[in-house]
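Subject: Structure handover

Hello,

Here is the structure I promised you. Please open it and keep it beside this email as you read.

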Amino acid sequence: MFGLGKWKTEAWEGTVVDKVEIETSAGDHEYSTYYLHVDMGGGQIERKSYSKKFYDQWAVGDRIIKRAGEKEPVKG
C-alpha cells in the first residue's frame, strides 16, 4: 500500500514570477516539461511542474494558493 501523496499534506502560497517550458530529447522521443516559478516570500523561489493545460492557465503575477488535501493550486 502507498502512503499519502505529498499533495494531501502540502500547503503553500505565493506569486508566479516566471513560466518555463523545457524541451528534452531522449533518443528519438521528445517531450516538454512545464514549470511555474513561484515566489514563496522572502526571496524564496520554488519551481513547480504541471501539465501543459494547467501551465497555460497561469500568468506571471498571478497569486497561487495550494491548500492541503487539494491536488492542484488555485488562483488567489
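Below is what was found in it, starting with the ground rules.

This is a predicted model, in which local features need pLDDT of at least 70 and side-chain atom pairs count only at pLDDT 80 or more, while totals for chains, interfaces and linings use all residues. Residues are numbered from 1 along each chain as its sequence is written, and side-chain values use heavy atoms, with hydrogens and water left out.

**Layout**

The chain has two helices and five strands. These are DSSP runs numbered from the N terminus: helices are H or I with at least four residues, strands are E with at least two. Along the sequence the pattern reads α-β-β-β-α-β-β. The C-alpha trace spans about 40 × 40 × 20 Å along its principal axes.

**Strand pairing**

Two strands count as paired if DSSP finds at least two bridges between them. β1 and β2 run antiparallel, joined by 11 bridges. One of the pairs is Lys19 with Leu36 in β2. The two strands form a hairpin with two residues between them. Gly27 sits in the turn and has a positive phi of about 65 degrees.

β1 also runs antiparallel to β4 (residues 63–66), with four bridges between them. Here Thr15 has Arg63 in β4 as its bridge partner.

**The core**

Which residues make up the largest nonpolar core? They are Trp12, Val16, Tyr34, Leu36, Val38, Tyr50, Phe54, Tyr55, Trp58 and Ile64, 10 in all. β2 gives the most, with three.

A nonpolar core is a set of buried Ala, Val, Leu, Ile, Met, Phe, Trp, Tyr and Cys residues joined through side-chain atoms within 4.5 Å. Buried means under 20% relative accessible area, exposed over 50%, and partly exposed in between (1.4 Å probe, protein chains only). Buried residues make up 22% of the 76 in the chain.

Look at Tyr55, one of the core residues. Leaving aside neighbours within four places in sequence, Tyr55 is in contact (heavy atoms within 4.5 Å) with Lys19, Val20, Glu21, Tyr34, Tyr35 and Leu36. Lys19 and Leu36 are the bridge partners mentioned above.

**Whole chain**

Take the contacts with a separation of 6 or more: residues 24 or more positions apart account for 44% of them.

Best wishes
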